[in-house]
Amino acid sequence: MRIVILADDFSGAAELAGIAASRGWKAEVQTRFDPECEAEVIAVDTDTRLRSESEAVRVVGEVARAVVASKPDWIYKKTDSVLRGHVRGEVEEILHATGQERCLFLPANPSKGRIIEDGRYLIEGTPLDQTLFARDPDFPARSSMVSELLGASEQICVPDIGSIADLPTDCSDHVLPAGAADFFTSLLGERELVTRNETVSRILLICGSLAAWDSGRAEEMAQRGFLVRTIDQPPVQEIWEQTDRLCLAIGRPAGTPDSASLTDTLVEQAVALAGDSRDLRIALEGGATAIAFLRRMGWERFAVIPENHVGVGTLRPLGGPLLSVKPGSYPWPDTLFL
């Protein structure tokens, strides 16, 4: 059995690979598709969320055709749960590559209070365009109607999803399954739960998500015993030498600086602190931050560790430190920092 996940950012690829690993599947995350591996589940980061739509469609098409040529048993298109990125264009390009007739698209994550009701996307009962996502620097939510966020498509079906019980557990071969983590989990079915707790003595948390920062990440991490520093504060090398828990974040800079330049600055500072010790956990928050950091470190393939922290993928590059990766819009689970 071989399942391939196509995700538009690294945190999404890591999240779903982590779910598969915790359910007994041998999983791997790749930034360049390579079918010559023993993994049953390959999660590929196409890194297309922040590209132009035309470039995103081109890249996803190339990867999708390579995946189809490898003859996987099925493909899952992982999207941002609140429809950031070029969702419609990427899904339609994958349909073109696979020859499938339509896509069953379920971006709702009811386990995290994210549902679709009467075609409207709600987070804990609040319409999407009235949440922090209305201020997203790259894809601000200007509507809560999924049809307006997605755009018109005769090939993509988006049903209402109000609870876990509403999620399908299978999909026709002629239909491409796509969406968020809960739908993928439902499709995987039941396998024996596998977990392995990794113990480390030091944690470096790198927060590149403005949504996470605005939701109170600084206060949260301080309560968990982290020293919190932002990129506009003095160098933190000496501080890192004196603590075993450090959170380095973009913060909320004054004005409207370019998000890419902020990420570059954050990654530059983070790389100077990171090492290859297996006794270190590097926690990466935000897909753009994660892939920028991993590229600077020169890592492309990652074994998945079945730690089973909700919403977090735990990975290890060959000979490198432990990596915990999650989307910026979810909280860190308490279990990770015990």
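This is a predicted model: local features need pLDDT of at least 70, side-chain atom pairs count only at pLDDT 80 or more; totals for chains, interfaces and linings use all residues.
## Packing of helices α2 and α3

Two packed helices are described by the angle between their axes and the distance between the axes. For helix α2 (residues 53–69) and helix α3 (residues 87–98), the axes come within 8 Å and cross at roughly 30 degrees. Because angles under 35 degrees count as roughly parallel, α2 is roughly parallel to α3. The crossing in which α2 passes α3 is right-handed.

On the α2 side, the residues that meet α3 are Glu53, Ala56, Val57, Val60, Gly61, Ala64, Arg65 and Val68. Their counterparts in α3 are Arg88, Gly89, Glu90, Glu93, Ile94, Ala97 and Thr98. By class, the contact of α2 with α3 comprises 7 nonpolar, 3 polar and 5 charged residues.

## Glu93 within the α2–α3 contact

Glu93 lies in helix α3 and is one of the residues of α3 that meet α2. Is Glu93 buried or exposed? Glu93 has a relative accessibility of 19%. Because buried means under 20% relative accessible area, Glu93 counts as buried.

Once neighbours within four places in sequence are set aside, Glu93 is in contact with Val57, Gly61 and Arg65. Val57, Gly61 and Arg65 are also among the α2 residues that meet α3.

## Packing of helices α9 and α10

The axes of helix α9 (residues 259–273) and helix α10 (residues 287–297) come within 10 Å, with a crossing angle of roughly 45 degrees. The helices α9 and α10 are therefore oblique to each other. In this pair, α9 passes α10 in a right-handed crossing. From α9, the contact involves Thr263, Leu266, Val267, Glu268, Ala270 and Val271. From α10, Ala288, Thr289, Ala292, Phe293, Arg296 and Met297 take part. These residues of the contact of α9 with α10 divide into 8 nonpolar, 2 polar and 2 charged.

Buried residues in α10 are Gly287, Thr289, Ala290, Ile291, Phe293 and Leu294. Among them, Thr289 and Phe293 also belong to the contact with α9. Just after α10, Gly298 adopts a positive phi of about 80 degrees.

## Strand β4 and its partners

Strand β4 (residues 74–78) is mostly covered, with 4 of its 5 residues buried. Strand β1 (residues 3–7) pairs with β4 in the parallel sense over 5 bridges. In this pairing, Trp74 of β4 is the bridge partner of Ile3.

Strand β4 is also joined to strand β10 (residues 175–179) by 2 bridges, and these two strands run parallel. Here Lys77 stands opposite Ala178 in β10.

## The antiparallel sheet β6-β7-β8

An open sheet is formed by 3 strands in the order β6-β7-β8, with antiparallel pairing. Its edge strands are β6 (114–117) and β8 (126–127), each of which pairs on one side only.

Between β6 and strand β7 (residues 120–123), the antiparallel pairing extends over 4 bridges. Arg114 stands opposite Ile123 in β7, and the bridge partner of Glu117 in β7 is Arg120. The hairpin of β6 and β7 has 2 residues between the strands, and Asp118 takes a positive phi near 55 degrees there.

The antiparallel pairing of β7 with β8 involves 2 bridges. Leu122 stands opposite Pro127 in β8. The hairpin of β7 and β8 likewise has 2 residues between the strands, and in this hairpin Glu124 has a positive phi near 50 degrees.

Val146 is found in helix α4 (residues 146–150). The relative accessible area of Val146 is 4%. Because the limit for a buried residue is under 20%, Val146 is classed as buried.

Which residues is Val146 in contact with, leaving aside its neighbours within four places in sequence? The contacts are Leu83, Ile116, Gly119, Tyr121, Gly151 and Val158. By contrast, Val146 and Arg191 are 45 residues apart in sequence and 33 Å apart in space, C-alpha to C-alpha.

Note on methods:
Residues are numbered from 1 along each chain as its sequence is written. Side-chain values use heavy atoms; hydrogens and water are left out. Axes are lines fitted to C-alpha atoms, for helices over the stretch in contact, and angles run from 0 to 180 degrees between N-to-C directions. Angles under 35 degrees count as roughly parallel, over 145 as roughly antiparallel, 65 to 115 as roughly perpendicular and the rest as oblique. A crossing is left-handed if the near helix is turned anticlockwise from the far one by less than a right angle, and right-handed if clockwise. Contact means heavy atoms within 4.5 Å. Ala, Val, Leu, Ile, Met, Phe, Trp, Tyr, Cys and Pro count as nonpolar, Asp, Glu, Lys and Arg as charged, and the others, Gly among them, as polar. Buried means under 20% relative accessible area, exposed over 50%, partly exposed in between (1.4 Å probe, protein chains only). Two strands pair if DSSP finds at least two bridges between them.
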